[in-house]
Amino acid sequence: MSFTGKYELQSQENFEPFMKALGLPDDQIQKGKDIKSISEIVQDGKKFKVTVTTGSKVLRNEFVIGEECEMEMLTGEKVKAVVQMEGNNRLVANLKGLKSVTELNGDTITNTLTMGDLTYKRISKRI
């Protein structure tokens, strides 16, 4: 199953408490909470390019499944991570105490970020 495509955010849970826990300033949280971000994913075998555009903020990450890479977090901090593929539709990464699981089901991508006992969930649909 290929992740390649453009996806628009449909819904999210726990955005504000999660972003506060990450240390994002309140003004950024307020600006970002109602913006429908667009995620563009290009998959070429085990290579991925992910671009997430939220308003004027663009986050770009590239990685190869199973290889260490540098990823930019929502805070702008760059961290080392290894992304693993589970089955043919789940990407799992651990970034500095944060676990990210991205699951593709048909035209829907669910991204779940967990930090301690706090979970932030985003659901996006292919456009």
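Start by selecting Thr110, which sits in strand β9 (residues 108-115); strands here are DSSP E runs of at least two residues, numbered from the N terminus. This is a predicted model, in which local features need pLDDT of at least 70, side-chain atom pairs count only at pLDDT 80 or more, and totals for chains, interfaces and linings use all residues. Residues are numbered from 1 along each chain as its sequence is written, and side-chain values use heavy atoms, with hydrogens and water left out.

Is Thr110 buried or exposed? Thr110 is buried, at 18% relative accessible area (buried means under 20%, exposed over 50%, with a 1.4 Å probe and protein chains only). Now show its contacts (heavy atoms within 4.5 Å): leaving aside residues up to four places away in sequence, Thr110 touches Val101, Thr102, Glu103, Lys121, Arg122 and Ile123.

Next, move to strand β2 (residues 38-44) and display its side chains.

Strand β1 (residues 5-13) runs antiparallel to β2, joined by 4 bridges, and Gly5 stands opposite Ile41. Strand β3 (residues 47-54) is also antiparallel to β2, with 7 bridges; there, Val52 is the bridge partner of Ser39. Finish at the hairpin turn: 2 residues separate β2 from β3, and Gly45 in the turn has a positive phi of about 65°.

Notes
Pairing = 2+ DSSP bridges.
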